[in-house]
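Please look over the model below before reading on.

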Amino acid sequence: MIREIILENKDIYKGNLILVNEYYPLKKFEINDLKPLEDSDIYLKNDVVDILEKIIKKISAKGKIVYVSGYRSLEEQKNIWNDSIRESGEEFTRKYVAIPGCSEHHTGLAIDLGLKKEEIDFICPDFPYDGICEEFRKLACDYGFIERYQKEKEEITKISKEPWHFRYLGYPHSKIIKEKGFCLEEYIDFIKEYDNEKKYIFKNSKEETFEIYFLPAKKDKTLLQIPEGLNYELSGNNVDGFIITLWGRENA
């Protein structure tokens with residue numbers, strides 16, 4: 001049996017795997033499922049809050065790692081951009097602050113973290129590659145997060161290295177990106193090589209098998225067909241289609 005799902009073009013612009021950068025600004029700014037992190041006025045999407053807090057609890061990082069910045073409205077990003085231009089100049093701002101409308105912080109899927117200190121830099125918080133911060137970093141991809149902006153990917157992302165900025169994509173996408181050394185832009189292109197007839201297969205250490213493929217958006221509406229009995233997640237890519245993730249197939 002096949003389950004049929006009709007996807008509309010507006011669905012391209014939502015989901016955990018949307019690519020947001022200066023070339024692909026966010027199209028959908030209304031986010032209804034936000035909630036604050038524990039003991040904080042910083043908001044993320046509901047499920048992202050739960051997963052992030054689970055990591056913090058697992059490594060006993062409460063009071064050691066602080067939440068610096070999460071969801072930002074378009075107006076907030078404009079203010080940050082303008083303040084940074086005024087205080088630090090345009091060159092610095094373009095390196096470390098996304099253009100308003102092009103920031104991952106608009107999605108509720110991105111978090112800036114910092115090592116707890118008396119003074120924390122809001123734009124460039126300290127999040128070193130050792131101690132409790134490195135413990136978080138090593139565990140992040142198992143819970144759906146990636147360190148989004150790497151130095152060796154600056155030519156692709158157009159954002160300077162940001163050790164403090166983590167983006168939620170969901171598992172197993174975060175794990176695949178980590179293992180292959182991709183940035184999100186590269187992963188979006190990589191998945192386009194796979195379709196419903198030739199899926200990308202990922203098997204983890206627990207012998208769980210995931211099937212991933214790209215479904216290009218049609219001009220009006222797009223038909224997605226899922227075999228009955230399989231678990232699935234779908235996400236737009238904010239570019240030209242959808243990334244489909246399947247799991248739970250017997251004898252996979």
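**Pocket and cores**

1. Strand S11 gives the most to the lining of the largest pocket, with 4 residues. S11 spans 231-236, and both S11 and S12 supply at least two lining residues. Strands here are DSSP runs (E, at least two residues; helices are H or I, at least four), numbered from the N terminus.

2. This is a predicted model: local features need pLDDT of at least 70, side-chain atom pairs count only at pLDDT 80 or more, and totals for chains, interfaces and linings use all residues. Residues are numbered from 1 along each chain as its sequence is written, and side-chain values use heavy atoms, without hydrogens or water.

3. The lining of the largest pocket has 26 residues. Lys-14, Gly-15, Asn-16, Lys-45 and Ser-235 lie nearest the pocket centre. By class, the lining has 9 nonpolar, 9 polar and 8 charged residues; Gly counts as polar.

4. Where does the largest pocket lie? Domain 1 (1-17 + 184-251) and domain 2 (20-168) both give lining residues, so the pocket lies between them. The domain bounds come from an automatic or database assignment.

5. Now the cores. The largest nonpolar core has 29 residues, and Tyr-187, Leu-224 and Ile-244 touch the most other members. Core residues are buried (under 20% relative accessible area, 1.4 Å probe, protein chains only) and joined through side-chain atoms within 4.5 Å. Elements that each supply at least two residues include strand S1 (2-8), helix H7 (184-191) and strand S10 (221-227).

6. Apart from that core lies another, of 26 residues, among them Ile-55, Ile-59, Phe-127 and Ala-140.

Definitions and conventions
Buried < 20%, exposed > 50% of the residue type's maximum accessible area, 1.4 Å probe, protein only. 1 Å grid on protein atoms, 1.4 Å probe; cavity = no way out; pocket = protein on both sides within 12 Å on 5 of 7 lines; lining within 4 Å.
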